[in-house]
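Have the model open beside you and follow along.

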Amino acid sequence: MYDNLIFDLYGTLVDIRTDEESEDVWSAFAAYLSRQGVNYAWEELREAYRETISRQEQEESRYEYPEIEIRDTFRLLCLQKGCDAGEEQIEAIARTFRRMSTRYVRLYLDTEQSLRRFKEAGKKLYLLSNAQTAFTIPEIEALGLDQYLDGVLISSECGCKKPDPAFMEQLLKRYGLDRTRCVMIGNDAQADIGIARRVGMDSAYLHTNLSSQLEKRPDSTYASMDGKLSELVLPLTR
């Protein structure tokens with residue numbers, strides 16, 4: 001039935017916990033930036049980070065659900081302190097912040113086995129993720145997911161995010177996919193199942209530890225309320 005499986009990442013294939021509120025994180029990050037010639041007190045830095053993102057979100061109005069580019073956030077934070085950082089420095093700053101603010105990032109237990117089974121069944125696997133390229137590409141590679149994926153599209157590249165149908169349309173156009181031969185798989189009823197519904201695509205819902213609480217089963221074509229991707233292998237490969 002399906003040639004192409006389109007996956008969400010965090011909460012679907014990958015279990016993650018981040019902490020962007022911790023004083024320890026911001027103190028360590030402020031110390032790191034100071035060594036780069038960008039001097040903030042940790043509380044000032046945290047507030048400037050929040051305010052900068054808020055301004056970016058207000059300015060990005062081309063889409064119904066706009067997405068910012070986090071590297072621009074760090075570039076603006078550097079400029080506020082008189083540092084005109086280059087691309088390599090900004091990339092290093094972004095990746096350092098991600099490492100410092102991440103408690104853990106790991107595959108769910110049945111992720112790799114399920115992806116292998118999908119590939120063995122001849123399916124093409126794609127990723128459509130509300131995320132930041134500077135954060136997510138290194139994590140995809142570190143977790144070994146890149147070997148299974150035929151294409152990746154991340155919201156920070158596109159200026160929009162799920163459930164904005166424009167995000168899915170960009171994926172379909174980039175890889176030449178027929179939506180009637182695709183299914184969207186994700187753990188977020190609004191973002192993942194919502195975008196599939198809005199573009200006329202089938203969907204599969206996974207209720208994982210990172211899913212929001214639900215009053216009822218989402219309006220998806222398939223569902224695993226136990227959060228097991230392996231339960232969807234058979235119905236999606238028939």
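Let's begin with Arg95, which is partly exposed at 34% relative accessibility (buried means under 20% relative accessible area, exposed over 50% and partly exposed in between, with a 1.4 Å probe and protein chains only). This is a predicted model, in which local features need pLDDT of at least 70 and side-chain atom pairs count only at pLDDT 80 or more, while totals for chains, interfaces and linings use all residues. Residues are numbered from 1 along each chain as its sequence is written, and side-chain values use heavy atoms, with hydrogens and water left out.

**Arg95 and its partners**

- The side chain of Arg95 forms a salt bridge with that of Glu91, 3.2 Å from N to O (a salt bridge is a side-chain nitrogen of Lys or Arg within 4 Å of a carboxyl oxygen of Asp or Glu).
- Both Glu91 and Arg95 belong to helix 4, where they sit 4 residues apart, about one turn of the helix (helices are DSSP runs of H or I with at least four residues, numbered from the N terminus).
- A network of salt bridges links Glu91 and Arg95 with Glu69 and Arg71.

**Other salt bridges**

- By this rule, the count comes to 19 salt bridges.
- Side chains of opposite charge can pair when their charged atoms come close.
- Asp72 and Arg75 are 3 residues apart in helix 3, so about one helical turn separates them.
- Asp72 is partly exposed, and its relative accessible area is 33%.
- Another salt bridge, at 2.9 Å from N to O, brings together the side chains of Lys81 and Glu44.
- This pair links distant parts of the chain, with Glu44 in helix 2 and Lys81, 37 residues away, in the loop between helix 3 and helix 4 (87-101).
- Both ends are partly exposed: Lys81 has a relative accessible area of 33%, and Glu44 has one of 37%.

**Helix 3 against helix 4**

- The axes of helix 3 and helix 4 come within 9 Å and cross at roughly 110 degrees (axes are lines fitted to C-alpha atoms, for helices over the stretch in contact, and angles run from 0 to 180 degrees between N-to-C directions).
- Helix 3 is therefore roughly perpendicular to helix 4 (angles under 35 degrees count as roughly parallel, over 145 as roughly antiparallel, 65 to 115 as roughly perpendicular and the rest as oblique).
- Arg71, Phe74, Arg75 and Cys78 of helix 3 meet Glu87, Ile90, Glu91, Ile93, Ala94 and Phe97 of helix 4 (contact means heavy atoms within 4.5 Å).

**Helix 2 against helix 3**

- Helix 2 (residues 42-59) and helix 3 (residues 70-80) have axes that come within 10 Å and cross at roughly 125 degrees.
- These two helices, helix 2 and helix 3, are therefore oblique to each other.
- On the helix 2 side, the contact is made by Leu45, Ala48, Tyr49, Thr52, Ile53, Arg55 and Gln56.
- On the helix 3 side, the contact residues are Ile70, Asp72, Thr73, Phe74, Leu76, Leu77 and Gln80.

**Glu57**

- Glu57 is found in helix 2, and it is partly exposed with a relative accessible area of 40%.
- Leaving aside neighbours within four places in sequence, Glu57 is in contact with Pro66 and Ile68.
- From C-alpha to C-alpha, Glu57 and Gly86 are 23 Å apart in space, and they are 29 residues apart in sequence.
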